[in-house]
Amino acid sequence: MIYVLLWWLIMQVLGWLALPTAMRLFRWLPDRGYAFSKAFGLLISSYLLWIGASTGLLRNDTGGILFALLALAGLSAWCYFRQPLGELQHYLRSKKGLIITVEILFALAFVAWAVLRAYASFKIESAGGEKFMEIAFLNAILRSEHFPPQDPWLSGFAISYYYFGYVMMALVTRFSGAPAGIAFDLYDSLLFALTLIGAFGVVYNLVKLSLHKEEQAGSARVVQRESQPLAAGLLGALFVAFLGNLAGLWEALHSWGKLPASFWTWLDIPSLAQAPINGTLYPTHWMWWWRGSRVIQDVNLAGAPIGASPIDEFPYFSFMLGDNHPHVLALPFVLLAIGVALNLLARQLSAAPAQPGEQAGAAKWWNPVGFALDNDWGLFIGAALVIGALGFLNTWDLPIYLALAVLAYAVGRASHLGRLDKDTLLRAGLLLLALGVACFILYFFFYIGFSSQAGGVLPYVWPPTRMPQFLTMFGAFAFVLACFLPAFLAKQKEAGSRLWKQALAWWGRILLICLAFFLFAWLVIALGSAALNENQLVNSALAALLSGMTLKDGFFASLAARLTDPWMLLFTSGLMALALANALHLVWHKAAEPAALASDQEPALPSEHSRWPLTSELFVFLLAFTGLALVLVVEFVYLRDSFAVRMNTIFKFYYQAWVMMGLASAYGVWWLLNHLSGRLGRGLFLIGTGLVLAASLLYPLMATWSRADAFQSVPNLDGSSGIARGHPDDWAAIEWLNANLSGAPVILESPSTGALGEGAYTYRGRISAFTGLPTVLGWSNHEGQWRGSYTEQNLREPDIITIYTTGDPQLMLDLLRKWQVEYLIVGAAETSYIQDLCADGSRGCNLNMALRKFDLMLEPVFTQGQTTIYVVP
């Protein structure tokens with residue numbers, strides 16, 4: 001537990017060091033960025049270490065970390081002395097309730113999740129999920145003196161993947177002195193805690209802004225109390241990080257066995273109908289909870305299920321699984337970026353409204369920061385640093401949140417002016433360009449060495465996502481938004497029926513856009529097939545797309561599938577139309593008069609906060625619209641990768657849609673409870689919300705119990721401890737290498753390769769994973785995904801096979817020197833590798849001859865049991 005306390009202390013230091021800087025960046029938010037300060041401090045300190053180690057100005061060691069922390073402290077000191085005298089002290093006194101709530105939430109979440117990780121039924125040694133890859137990156141970064149870090153599974157190359165999250169993990173690991181196995185589990189706990197307080201912070205600020213607006217408007221019914229935004233913030237944390245999808249409900253009912261088989265066939269969640277039935281509401285078969293991340297079944301035009309079902313993880317599943325993968329590593333910083341977007345919107349609405357024809361700001365268009373942000377370079381660089389980090393953390397997220405921030409700016413400015421004019425569009429466009437360029441420049445050293453498997457955008461013309469599966473994924477949010485969006489619109493009584501007509505009109509426009517996408521997709525397919533019909537690769541891809549049908553039959557089959565199952569499209573587009581109609585109504589028709597902020601009402605807020613009309617509702621509608629759009633867009637296009645289906649696109653887009661809809665829904669619950677008139681309406685909403693929340697909480701409660709094996713095992717927070725128990729000889733070799741080798745000498749161990757029908761998720765690559773030493777080749781399939789090519793693997797695989805299977809000692813030595821190998825590993829995994837390669841007799845090798853040459857030509861420097869380490873002369 002000493003490391004749990006130490007990590008908590010480190011995050012406290014980072015949070016308090018970053019607080020003055022956060023207060024300056026987030027000065028238009030009621031909490032001044034306090035809920036984001038820990039994530040913000042970790043980001044800035046990690047960035048300073050990374051940029052220093054990338055340029056050679058710093059070393060990636062404890063000294064480099066201390067320098068980064070001193071630089072962060074210096075930046076915050078500068079921000080502190082630019083504040084009015086006593087402002088920070090006044091803020092701390094006036095925000096005691098917020099500070100105590102955030103700190104208790106963070107501490108409880110961090111400790112509780114560390115306990116769960118200690119009881120987790122399997123850990124890194126299982127090679128399940130992505131854990132070998134992730135701890136390999138952590139150890140490789142810890143071994144790298146400068147950046148980019150070495151690739152532990154492709155010697156001689158740098159990591160070609162978004163690795164910033166592992167730099168952050170390595171920073172806390174090194175600074176705390178924790179072993180990598182313990183740090184791996186603790187970082188999952190830290191991410192969970194940071195996500196909770198980040199979601200809390202977004203919803204807290206939304207409600208606080210809304211309460212202030214209503215108080216300024218003279219609302220007698222809603223009294224501003226700190227308890228309301230605090231409670232709503234906790235609900236936001238629950239919705240984003242703790243809630244599950246409805247898979248837990250279906251698993252319980254299927255395990256009970258009382259529903260007919262036809263129901264499960266109709267629901268069609270992959271493999272659920274074949275799951276065991278035990279007559280109780282608690283499923284007991286192994287890893288039943290995994291199915292919660294695979295609730296969508298894609299089928300081709302012939303109606304046959306495709307092999308690679310879409311991934312639909314949600315935050316709680318990811319944290320419970322324990323894979324520290326980029327989509328999880330980025331999650332606290334996604335919420336930080338959402339906070340930046342909300343801050344931009346609040347800023348645009350904080351000044352007195354411009355008069356007709358007035359153009360705020362004297363800067364010209366060729367100075368985008370001056371033109372759009374009145375030369376607030378601190379805000380611009382801070383926003384670029386936060387949003388740009390997402391490209392380095394999980395590249396898929398960067399365009400989403402860059403667009404969200406610029407949309408928030410544009411909506412805020414349009415509402416500020418009471419109109420959407422060309423000047424606003426120009427400013428928003430220039431801000432988009434400037435932020436995009438700044439995000440690239442700030443993280444330039446990452447992009448120059450980054451390659452990807454992404455291969456463009458492809459049309460999705462197979463049958464759409466079925467409504468039952470969509471509701472299984474987003475049921476709780478769908479219910480709340482389906483209540484909140486029309487209820488808010490109905491409250492705008494001064495607009496009468498006109499607003500409903502506008503919503504219907506927008507619904508029609510969105511459906512027409514979807515139809516245009518569909519027809520354009522088939523036009524592209526038709527033109528492409530006509531122009532490239534001599535290309536066998538294109539022809540085979542087209543045949544798979546059409547499921548053996550002609551182009552004409554495929555088009556009509558696709559059209560029929562969309563027309564006979566339109567419910568998900570109609571539902572999501574309808575909610576999008578309501579969100580859009582509500583937002584536009586606020587922009588055009590609800591401009592508020594500026595009101596001076598009384599110092600005794602909100603003393604912690606700076607005096608420049610003179611006006612906050614509509615900030616909360618506008619931003620909530622923006623979140624809802626964007627989240628729904630992410631869900632809808634994958635029904636028509638997806639990003640091409642090595643899987644050639646929309647599996648990863650749904651994964652990445654649904655994950656962000658969950659965050660946005662979760663935040664919007666938490667605010668929606670608060671708004672409905674405060675604005676629904678009549679006991680009947682409130683009662684029905686409370687009952688409905690209670691039911692969907694209870695159904696959504698089944699998954700985390702049951703899955704946690706299963707994942708922790710009913711908390712019956714001996715707790716152990718060291719994620720690598722199982723390899724020491726299950727493979728003591730290998731673990732002894734790992735410890736010897738870590739104790740005796742500095743730097744990054746190249747090793748060779750048996751790879752996970754296509755030669756044996758393997759690609760990843762095996763025990764191979766374990767030595768490089770737990771030492772960070774680069775091996776000639778590790779998980780070859782992952783290298784192909786990271787680099788978009790199998791070229792380098794094809795060069796290495798034959799030589800590795802020869803090294804291990806040949807009976808010629810000199811040939812072995814020549815190949816080891818060719819790949820600059822300094823240490824050769826021969827353990828049980830390598831013996832099995834040789835046996836498998838020699839089994840069919842085609843290579844003319846045998847195990848005894850292959851093993852004998854190692855002792856003839858190489859000197860062993862470590863031997864225990866079945867594992868030997870040889871030094872290469």
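User: Which residues lie nearest the centre of the largest pocket, and how many line it?
Analyst: In this predicted model, Q453, F643, N648, F651 and K652 lie nearest the centre, out of 44 lining residues. Lining residues have an atom within 4 Å of a pocket point.

User: What makes something a pocket, and what a cavity?
Analyst: On a 1 Å grid over the protein atoms alone, a cavity is a set of points where a 1.4 Å probe fits but cannot get out; a pocket is an open set with protein on both sides within 12 Å along at least five of seven lines. The volume here comes to about 1,000 Å³, that being the space filled by probe spheres set on the points, which are joined across faces, edges and corners.

User: Which element gives the largest share of that lining?
Analyst: That's α26, with six residues. Others giving two or more include α17 (397–417) and β2 (637–639). Elements are DSSP runs numbered from the N terminus: helices are H or I with at least four residues, strands E with at least two.

User: How does the lining divide by class?
Analyst: You get 23 nonpolar, 14 polar and seven charged residues. Ala, Val, Leu, Ile, Met, Phe, Trp, Tyr, Cys and Pro count as nonpolar, Asp, Glu, Lys and Arg as charged, and the others, Gly among them, as polar.

User: Why is the pair Y460 and Y638 called what it is?
Analyst: Rings of Phe, Tyr and Trp (its six-membered ring) pair if their centres lie within 6.5 Å; planes under 30 degrees apart are stacked, over 60 edge-to-face, the rest tilted. Y460 and Y638 have centres 6.5 Å apart and planes at 80°, so they're edge-to-face. Y460 sits in the loop between β1 (457–459) and α20 (467–491) and Y638 in strand β2, so the pair ties together parts 178 residues apart in sequence.

User: How do you know that α25 and α26 pack, and at what angle?
Analyst: α25 (residues 615–633) and α26 (residues 647–675) have axes 8 Å apart, at about 145°. Axes are lines fitted to C-alpha atoms, for helices over the stretch in contact, with angles from 0 to 180 degrees between N-to-C directions. By class, their contact has 16 nonpolar, four polar and one charged residues; contact means heavy atoms within 4.5 Å.

User: What limits apply to these values?
Analyst: Local features need pLDDT of at least 70 and side-chain atom pairs 80 or more, while totals for chains, interfaces and linings use all residues. Numbering runs from 1 along each chain as its sequence is written, and side-chain values use heavy atoms, leaving out hydrogens and water.
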